[in-house]
Amino acid sequence: MAETIISLRGIKKHFSTKKGTVEALKGIDLDIKKGEIFGIIGLSGAGKSTLVRCINLLERPEEGQVVVNGTDLMKLSNEGLRQNRRSIGMIFQQFHLLMQRTALENVCFPLEIAKVPQAEARKRAEELLALVGLSDRLESYPSQLSGGQKQRVAIARALATSPQVLLCDEATSALDPNTTKEVLNLLKDINRNLGITVVIITHEMRVIQEICNRVAVLDGGVIAEVDTVEKVFRAPKSKMGRQLVFHESDENREALQGPIENSYRITFEGDMTNSPILGNMMLECQAAANILAANTRMIEGKVYGQMIIQLPEDAAKREQMLQYLKNMGLTVEEVAYV
Amino acid sequence: MFELVLQGFWESLYMTLISTVAAYLIGLPLGLILVATDADGVSPCKPVHTSLGIFINILRSIPFLLLMITVRPITKFTMGTTIGSPATIVPLVIAAAPFIARLVESSLKEVDRGVVEAAQSMGATPREIMLKVLFPEAKPSLLVGSAIAVTTILGYSASAGIVGGGGLGAIAINYGYYRNQTEYMLPMVAILVLMVQVFQEMGMRAVRIVDKRQ
Ligand SMILES: Nc1ncnc2c1ncn2[C@@H]1O[C@H](COP(=O)(O)OP(=O)(O)OP(=O)(O)O)[C@@H](O)[C@H]1O
Ligand SMILES: [Mg+2]
């Protein structure tokens, strides 16, 4: 197992506003491994931005420990923290480029801060802009660039000081689907070719699906679950995970009166979704099953899905049907709700 | 008459320009300090922010003519006299500096907070953020502010004519008002109007050249 590069322990953060206190993070423990692309997903207000900002202490937690690359950031002096921040790049939803500087000058900015000689900085900035595919836009100002190009400049700028970690706070949320894909591919390349650990915050499942290795589901300031993307997509364990993966909505659940009985979640894997398993089961067992919910999706080229079905009250028939499904190699678990 | 007008024009011009430059030398750092020490600034410091704010408000609340009379001892001490154009520069600077501090403050505050955060995430020091982020990013807005400042100072300098100042305002008042020679009044006012137009237009052109956002 790869070594841990970011380790968060017991992170708590609240904000005091006029309307009262908001507990944005209620004790977060998280380990992110070197070289992985780690996703953090959650609904708006879940605390995603606050969490990622705790990693470079743009937001200082009241409690807890932030260790990046073996250094306990909370224990550093201001100057020590500034030095360490150079090894943690960050990009933002709104790009946050210097509007009065050209693309090239923007990428030179962190190098100026790091006191890199001008000629050397310029050379490095040119290389980085070539890396992100903007060699022909060195002298353009941000206002002359598209959203995707601006994010590329921001990525080049974040990479200037050769960071070990790249934090991305909703980096693609302001972009259209095609541009999103391009930027995600660029991040993937950067991760693979430069070995930079990438932490991605998003509220969009497809972003996680597209490039992440592991994902943490954040719900109301706590981590609901952390696992590989595949596992979370196949069988989300938390309520929030299910909501995000299967778009289960609360309204659906409320529409069903009382607890539901004899209901099971069937999880499909790979090509199985294409075969008429349920139809065959009903034919063979001579009993009807009620489909309460169904959802399938593509992950890494394979079809995954889940279906929630209600089986007959007759215990013998039910057993027979469950046995049939199990024989087909499906995961079946009883559920009390859809 | 022509000579008088020309003399008045030059006096007004140099009074205004020198006062503006001097007032910026004081007001600009004060504006920077106001922004830096604010609660969401790069080095928050409430006592400094609050006391500087109150000091600036007090100076700004004194009407210019009263201020001019009040600071006469300072004027006398620094310039050796309290009448004429050079002497007017002292109260002009004292009146304009706090005004400029507020203009600078509002310009710097327009800079997107996110850009500052991005710089912080790269390890920029508060000083670097002020000098390399806030200041250059606010340049167009600062220029707009300077056009406002210079025209306001020109206006102050003209009213200074009432209490012994020089320039176009003094001529207009001395000849046009006290001697009731209105033919002196109109050209002076016309030139003042023209100067305001020119300063304002120059400022706006400079903004258009400097601003890279469009
Ligand atoms: N500076 C702040 N002052 C007060 N409250 C804040 C501040 N920053 C965040 N919060 C609150 O903390 C909670 C978490 O906010 P956060 O921005 O981390 O959410 P998020 O998951 O990033 O949401 P989004 O997807 O909308 O960006 C929210 O309730 C928010 O209102
Ligand atoms: Mg956010």
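User: What makes the pair formed by T50(A) and ligand 1 a polar contact?

Analyst: In this predicted model, a polar side-chain atom of T50(A) lies 2.5 Å from an oxygen atom of ligand 1. A polar contact is a pair of N or O atoms within 3.5 Å (within protein, one must be able to donate a hydrogen and the other to accept it, and residues adjacent in sequence count only if both atoms are side-chain atoms), so the pair qualifies. S49(A) also has a polar side-chain atom 2.7 Å from a ligand oxygen, and a backbone N or O atom of G45(A) lies 2.8 Å from one.

User: How do you know how much of ligand 1 the protein buries?

Analyst: Taken alone, ligand 1 exposes 630 Å², and the protein buries 62% of that. Those accessible areas come from the Shrake-Rupley method with a 1.4 Å probe; for residues, only the protein chains shown count as cover.

User: Which numbering and thresholds apply here?

Analyst: Residues are numbered from 1 along each chain as its sequence is written, with chains lettered from A and ligands numbered from 1 in the order in which they are written. Local features need pLDDT of at least 70, side-chain atom pairs count only at pLDDT 80 or more, totals for chains, interfaces and linings use all residues, and side-chain values use heavy atoms, leaving out hydrogens and water.
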